[in-house]
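Let's take a walk through this structure, one piece at a time. Have a look at it first, and then we'll start with a single residue.

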Amino acid sequence: MKWKKITIETTTQAEELIEAILLELGIDSFEIEDQIPISKEDQKKMFIDFLPETDPTDSKAYLSFYKEEEDDLEILLEQIQKEMFKLTSFVDLGSGKITVSETEDKDWINNWKEFFKPFRVDDTIIIKPTWEELKEKKENDLIIELDPGTAFGTGAHETTKLCIAGLKHYIKPESKVLDLGCGSGILSILSRKLGADFVIGTDIDSNAIKVSKENCTVNKLCSEICLDGLNTQDSIKVFEVAKTGCGFLWCNVLKDQKARELLKGKFDLITANILADVIIPLAEITKDFLKPNGYFISSGIINSKADEVEKALLSNNWKIIEKNCLGDWFCYIATR
């Protein structure tokens, strides 16, 4: 199916008024492009490290929405133009130009898969998409099959590679591992395949928890999830399953006291491949999850935030034993 894309060129001052017009006409989904910088408050909420470059002197804004090709657009466009004309006496609408273009209905959720091919993380680990065939491998290769879906994590990013290197070095056969922000489950699965005795993954996104469970199944690991606010019985089941595979909890350890109590003192190793602004508050609470002499591997730290993370670790009595970088990204390995 083909779609019509309708774009209105206007100004940032008129954005909200035109949004209201579109909503009144039954258009409740649209795109907005402008040069308004993201506020500090929104930046914190969205955990953004990289901010797009903006030009505050550029007041242009573009609002776009989509309609099916067979829809009669003439009446709708006339209504929009009529309502916009009413605004011209008290707000600058800019050009007010409306353009119509055609776009194909593509499977945007799955199209990226054609670019995700099997790749070697290091001399012994290969990550293979579930839909691809593996043509070459060595006898002792450890292979992780993965379908990230809409969860974060294919293993190709520098931050994940840094975590993988840390896990390979510090995991022992008796290790109990906690994967904070498990995403697609890649680090949880790898931990288990590297010989960890016990692996629990957590994430604030319920979809990530489900994707992690599915990826465990693909990798022939048992898995169980708890998605109902850490019901006691379900949580016990998650930990029991983790002894033979991986268990996953849908929770936010920064906010959920029940989760913190459940995880307290159970782990030899914690990995958190998230973002600096999340790792900084984690530095205060993750110490409670570790057994004596345990390790905390934190990654996802852009170079501009590395000093802040280091300060947070040191101020919470962590001893930094490794500080590794790859490209623009840092990974800290610390112990108590």
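Which residues does M84 touch, not counting residues up to four places away in sequence? They are I8, I18, I21, L93, G96 and I98, where contact means heavy atoms within 4.5 Å. Before going on, keep in mind that this is a predicted model, where local features need pLDDT of at least 70, side-chain atom pairs count only at pLDDT 80 or more, and totals for chains, interfaces and linings use all residues. Residues are numbered from 1 along each chain as its sequence is written, and side-chain values use heavy atoms, with hydrogens and water left out.

Back to M84: it counts as buried because its relative accessibility is 4% (buried is under 20% relative accessible area, exposed over 50%, partly exposed in between, with a 1.4 Å probe and protein chains only). A14 sits 70 residues away from M84 along the chain, yet their C-alpha atoms are separated by 9.5 Å.

M84 lies in helix α3 (helices are DSSP runs of H or I with at least four residues, strands are runs of E with at least two, and both are numbered from the N terminus).

Now for helix α4, residues 158–170. Its buried residues include T159, L162 and Y170, and among the elements covering them are β6 (125–129) and α5 (186–193).

Note on methods. Expected span 1.5 Å × (residues − 1).
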